[in-house]
Amino acid sequence: MNNKLSALLLFAFLALTISSCKKVTEDQLINGLWRIDEIYVDTISTNYLYNLPHYPEGNNCCAYKIDFERDGTVLAFYVTHDSINYVAPGIWYLPEYNKIYMKVDSFFDGTFDIAKPTLKHFRLSSDANHIKAFDGVNPNMDTTSTKIDMVKI
C-alpha cells in the first residue's frame with residue numbers, strides 16, 4: 001500500500017512540476033515584447049533579417065519585434081526608422097515544456113525547441129520550419145532547419 005501511495009504522489013508531483021515549468025515559459029513569453037536579432041536558415045550563413053528592407057543599413061535603423069498574447073495570438077512587426085513597416089498576425093502555443101509552435105509571417109511555421117541562455121534571451125531551433133517565403137522559389141528549402149535568437153525588450 002505504501003508503494004502505491006508513494007508512486008501516486010511521485011506521479012502527481014511530476015505532473016504538477018512539468019505543467020508549472022510550461023506555465024513559467026508561457027509567462028516569460030507573454031510578459032513583454034521580444035526583438036528578434038538573428039534568423040539563420042539551413043546552412044546559409046547570412047542572417048535572414050538582412051532580406052528585409054533597410055535592415056542591412058545597420059545603425060539600429062530597424063527591428064523585427066514579436067508580441068506573444070495569452071490567447072494564443074502573436075503579432076510580429078517590422079519597424080524601420082521608427083515607423084511600422086508591416087504587421088503580421090499569427091498563432092502560437094506550447095505543446096510541451098521548452099517547445100513552442102509558431103505560425104506567423106512568411107518565415108515561421110513550425111515547432112521550435114527553446115533554449116534559455118538567460119531569462120531575457122531565448123534561442124529557438126527547429127529542424128522542420130516551413131518558410132512560406134520560399135514556396136515556389138526554392139522547393140528544396142521551403143521546410144528546413146531554422147535558428148532564431150530573440151531578446152526581451
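Which residue forms a salt bridge with Arg123? Asp149 is the partner, and the closest N and O atoms of the two are 3.1 Å apart. The pair links distant parts of the chain, since Asp149 sits in strand 8 (residues 143-152) and Arg123 in strand 7 (residues 121-130), 26 residues apart. Here a salt bridge is a side-chain nitrogen of Lys or Arg within 4 Å of a carboxyl oxygen of Asp or Glu. Strands (E, at least two residues) are DSSP runs, numbered from the N terminus.

Before we go on, a word on the model. It is predicted, so local features need pLDDT of at least 70 and side-chain atom pairs count only at pLDDT 80 or more, while totals for chains, interfaces and linings use all residues. Residues are numbered from 1 along each chain as its sequence is written, and side-chain values use heavy atoms, with hydrogens and water left out.

Back to our pair. Asp149 is buried, with a relative accessible area of 13%, whereas Arg123 is partly exposed at 43%. Buried means under 20% relative accessible area, exposed over 50%, and partly exposed in between (1.4 Å probe, protein chains only).

The salt-bridge rule gives a count of three. In another of these bridges, Lys99 meets Asp113, at 2.3 Å from N to O. Lys99 belongs to strand 5 (residues 99-104) and Asp113 to strand 6 (residues 108-118), so this pair ties together parts that are 14 residues apart in sequence. Lys99 is partly exposed, with a relative accessible area of 23%, and Asp113 is partly exposed as well, at 35%.

Strand 5 and strand 6 pair in the antiparallel sense over six bridges; two strands pair if DSSP finds at least two bridges between them. Ile100 stands opposite Phe112 in strand 6. The hairpin of strand 5 and strand 6 has three residues between the strands, and Asp105 takes a positive phi near 60° there.

Strand 5 has a neighbour in strand 4 (residues 83-96) too: the two run antiparallel and are joined by five bridges. Gly90 has Val104 in strand 5 as its bridge partner. Strand 4 and strand 5 form a hairpin with two residues between them, and Asn98 in the turn has a positive phi of about 60°. In a regular strand the side chains alternate between the two faces of the sheet.

Let us move on to the remaining salt bridge. The side chains of Arg35 and Asp37 meet at 2.6 Å, N to O. Arg35 is partly exposed at 28% relative accessible area, and Asp37 is partly exposed at 22%.

Arg35 also leads us to the largest pocket. Of the 13 residues lining this pocket, Arg35, Asn60, Cys61, Cys62 and Ala63 lie nearest its centre. Strand 1 (33-41) and strand 2 (62-68) are the elements that give two or more residues to the lining. A pocket, on a 1 Å grid over the protein atoms alone, is an open set of points where a 1.4 Å probe fits, with protein on both sides within 12 Å along at least five of seven lines; lining residues have an atom within 4 Å of a point.

Cys61 and Cys62 form a disulfide, with their sulfur atoms 2.4 Å apart; a disulfide is a pair of cysteine sulfur atoms within 2.5 Å. The link is left-handed, with -85° about the S-S bond, and both cysteines are buried.

How values were computed:
Helix = DSSP H or I, 4+ residues; strand = E, 2+ residues; numbered from the N terminus.
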